[in-house]
Amino acid sequence: MADVLNDFSRAKLDDYVAELFVEEDDAFKWIQEEAKQQNLPAISVRAYEGRLLQLLVWMTGAKKVVEIGTLAGYSGAWIGRALPKDGKLYTLEMNPKHAGIARQSFERAGVSDRVELIEGPALQSLQTLAHSHPFDLIFIDADKTSYPAYLEWAAENLRVGGTVAAHNAFRSGKVLAFESEEDRQMDAFNRALAASKRLEGFILAIGDGMAVGVKKA
Ligand code: SAH
Ligand code: MG
């Protein structure tokens, strides 16, 4: 039987999923266009990964969500759109330029009533945010070298049954052959998730890999 999981098929299948389930409206298009115009790095989640984040919101019945790494607010807009009216997304960003664009993005996407952007280094912001625990969903997508620390925070501050999700679990394949400290720390993160006594983990092989973990009782 042919290997259905070769790279070629996987990319094609991601496109297939996107075609079936993913639709970006003008707000999402505006965010990506603005990010490009303002020379932000093109490292946001893909539309189908945004859709996956929405599914995680619905599957966990999330009302209180934390996102680490806002950029232009693209993934935050996906999450915000999935939240109920009384839901809340705290999104953390240390780059003021990114934060400024993200605020406009949340306005455009019609989610600014549900989204609170917290500016500053995430590890610092998380210390304060811990006072508002527990959270239903925590999405990690900032500096890779801090992923292990973010995982610790998530395990500590999720409610039982809550979910942590982390983008770039595969590092474009470099978790199999490190080329940088970021690659090494991503591997350390995946291994810590696998070994965690507080979380049941897995990696969803879509896009660049979405690591997920559910908090145990
Ligand atoms: N989640 C976004 C992409 C985030 S890119 C999306 O999919 O649309 C990573 C972001 O994390 C960048 O904007 C970067 O400025 C921010 N970042 C990196 N290290 C950080 C830190 N220590 N604290 C807060 N933000 C950080
Ligand atoms: Mg990412």
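I start with Asp-208, which sits in the loop between strand 6 (199-204) and strand 7 (210-215). Helices here are DSSP runs of H or I with at least four residues, strands are runs of E with at least two, and both are numbered from the N terminus.

Before going on, the ground rules. This is a predicted model, where local features need pLDDT of at least 70 and side-chain atom pairs count only at pLDDT 80 or more, while totals for chains, interfaces and linings use all residues. Residues are numbered from 1 along each chain as its sequence is written, chains are lettered from A and ligands numbered from 1 in the order in which they are written, and side-chain values use heavy atoms, with hydrogens and water left out.

Back to Asp-208. A salt bridge needs a side-chain nitrogen of Lys or Arg within 4 Å of a carboxyl oxygen of Asp or Glu. Beyond four places in sequence, Asp-208 is in contact (heavy atoms within 4.5 Å) with Glu-49, His-167, Asn-168, Ala-169, Phe-170, Arg-171 and Ser-172.

Next, the ligand. There are 20 residues around ligand 1, and Val-45, Glu-93, His-98, Ala-122 and Asp-141 come nearest; to be counted, a residue needs a heavy atom within 4 Å. Now the polar contacts, meaning pairs of N or O atoms within 3.5 Å. Within protein, one atom must be able to donate a hydrogen and the other to accept it, and residues adjacent in sequence count only if both atoms are side-chain atoms. A polar side-chain atom of Glu-93 is 2.6 Å from an oxygen atom of ligand 1. A side-chain N or O atom of His-98 lies 2.8 Å from an oxygen atom of the ligand. Met-94 uses a backbone N or O atom, 3.3 Å from a nitrogen atom of ligand 1. Taken alone, ligand 1 exposes 580 Å², and the protein buries 90% of that, by the Shrake-Rupley method with a 1.4 Å probe; for residues, only the protein chains shown count as cover.

Now helix 4, residues 74-82. Eight of its nine residues are buried, among them Tyr-74, Trp-78 and Ile-79. Their cover includes helix 2 (26-37), helix 3 (47-60), strand 1 (64-68), strand 2 (88-93), helix 5 (96-108) and strand 4 (135-140).

Last, salt bridges: the whole structure has 13. In one of them, Asp-86 pairs with Lys-63, with the closest N and O atoms 2.9 Å apart. Asp-86 is in the loop between helix 4 and strand 2 and Lys-63 in the loop between helix 3 and strand 1, so the pair ties together parts 23 residues apart in sequence. Asp-86 is exposed at 53% relative accessibility, and Lys-63 is partly exposed at 39%.

Arg-198 and Glu-156 also meet in a salt bridge, at 2.7 Å from N to O. Arg-198 is in the loop between helix 8 (181-195) and strand 6, and Glu-156 is in helix 7 (residues 147-157), 42 residues apart.

Note on methods: Buried < 20%, exposed > 50% of the residue type's maximum accessible area, 1.4 Å probe, protein only.
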